[in-house]
Amino acid sequence: MTDTIPTHSAMRGLSALLGPRLQPVLSACQPHTGSISRIEACTGGNVSHVFRVHGDNGRVIVKVRGHRFARIRHLTTDPALIALEHRALTLYHRALPDLFPQVLAFLPDAHAMVMTDVFPDGRTWREHLDERPADVEECARLGYALTRIHHATTGLPPVREGDGDDRFRKEHAYGFCLRTAGHLVLTDVCRRLDTLPGQQLVLGDVCPKNLSLASRRAAFVDLDNVHRGSPLYDVGYLLAHLVLHHLTRPATQHKVVAAFLDAYTLPGPNRLWRSDALLAAVTAGVLLYRLETRVVPYPPTAPPATTDRFRRQILHLLDAGPFTVADLLSAAEPRGKA
């Protein structure tokens, strides 16, 4: 253990979280970092507290789950649930070591994990999208990566025991996300998702703040929401965020959406995304979740007038009947019509 402990605010935050378990966690970092020189807090995560620990020989990520959500302080949680993410990371890294971090140490008493840092530039894709639009190549790379993930995780066991994954899907993916707007069509969407063939492990929260596309690679983190469900949910979830981040760039929006979906191999026979009304409806539900919910913070991606107009257009599409991804993109345009 290094004799000189960093004293900046991130170190104090990590110390406050871990208390007497701070030393074992830092000791678990040192075989991979060497003498610790710096600790910085990572932003973006809502549930767990995440820190990047630097040393003479490299850097690692430390993730700690507390009794309250990291960014939603009024919500309590069971810190022992970090064991489920540990299990998910073990399964996903074993299947695709180039796409997911490796758990270097799991300290259940501290509710903490030490992991490899898979973000080459230390930044999320969300941070890049806040500065510039996506490009066609990286969206195609993202589509190929998600295809690989869904193929590689087919047949893997559930993360939770018994019917735990089914309950999590219904309470969180459906109840907390797709049905947050209270629209009857979205309730039916949840039922239809459950009837699709090929139910398997899905990421559940694949969005720009949880992935990196730096250095022409792809990497995914934050597996709190892994559960058994339909891969179509992941596709619609990520697609919704791609649309959301390009509301003020309609010309780019069409290109990057097509690149992502053309690169992804949709599950099931003859599922062509351009005519897939279920994919469009899932995407609409996730968009409303981001545009309407006030519980889970997701910083704005467009001016309020733009997002409010788009929200109304989405509700109109849901009211009017089946629609496609092209209809959603049209509704996102400044003069788009549902």
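## The sheet

How many bridges join β2 to β3, and which way do the two strands run? There are 7 bridges between them, and the strands run antiparallel. Do keep in mind that this is a predicted model.

Stepping back, β2 and β3 belong to an open sheet of 5 strands, ordered β1-β2-β3-β5-β4 with antiparallel pairing. At the edges are β1 and β4 (103–107), each of which pairs on one side only. From one strand to the next, the twist averages 20 degrees. For a landmark, look for H54, which stands opposite R59 in β3.

## Helices on the sheet

Helix α2, covering residues 22–33, packs on the sheet and touches β1, β2, β3, β4 and β5. The direction of α2 makes about 150 degrees with that of β3.

Helix α3 is the other one to look at here. It lies across β3, β4 and β5, and runs at about 25 degrees to β5.

## The largest pocket

Now for the open spaces. The largest pocket has a volume of about 670 Å³. It is lined by 35 residues, and those closest to its centre are V47, F69, F168, H172 and N225. Two or more lining residues come from each of α3 (82–95), α6 (164–178), α8 (231–244) and α10 (277–292).

Which element gives the most to this lining? That is α6, with 5 residues. Sorted by class, the lining has 19 nonpolar, 7 polar and 9 charged residues.

## The second largest pocket

The second largest pocket has a volume of about 440 Å³. Of its 29 lining residues, C42, T43, V50, F119 and V221 are the closest to the centre. Here the sheet comes back into view: β1 (36–42), β2 (49–55), β3 (58–64) and β5 (112–116) each supply at least two residues of the lining, as does helix α3.

The edge strand β1 gives the most to this lining, with 3 residues. By class, the lining has 11 nonpolar, 9 polar and 9 charged residues.

Finally, the structure holds 1 cavity of 30 Å³ or more. The volume of the largest cavity is about 50 Å³.

Which residues line the largest cavity? They are L203, D205, V206, C207, N210, L211, F220, V221, D222 and L223. By class, this lining has 7 nonpolar, 1 polar and 2 charged residues.

Terms used
Residues numbered from 1 in each chain as written. Predicted model: local features only at pLDDT ≥ 70, side-chain atom pairs only at ≥ 80, totals over all residues. Heavy atoms only, no water. 1 Å grid on protein atoms, 1.4 Å probe; cavity = no way out; pocket = protein on both sides within 12 Å on 5 of 7 lines; lining within 4 Å. Points joined across faces, edges and corners; volume = space filled by probe spheres on them. Nonpolar A, V, L, I, M, F, W, Y, C, P; charged D, E, K, R; others polar. Helix = DSSP H or I, 4+ residues; strand = E, 2+ residues; numbered from the N terminus. Pairing = 2+ DSSP bridges. Axes fitted to C-alpha atoms, helices over the stretch in contact; angles between N-to-C directions. Contact = heavy atoms within 4.5 Å.
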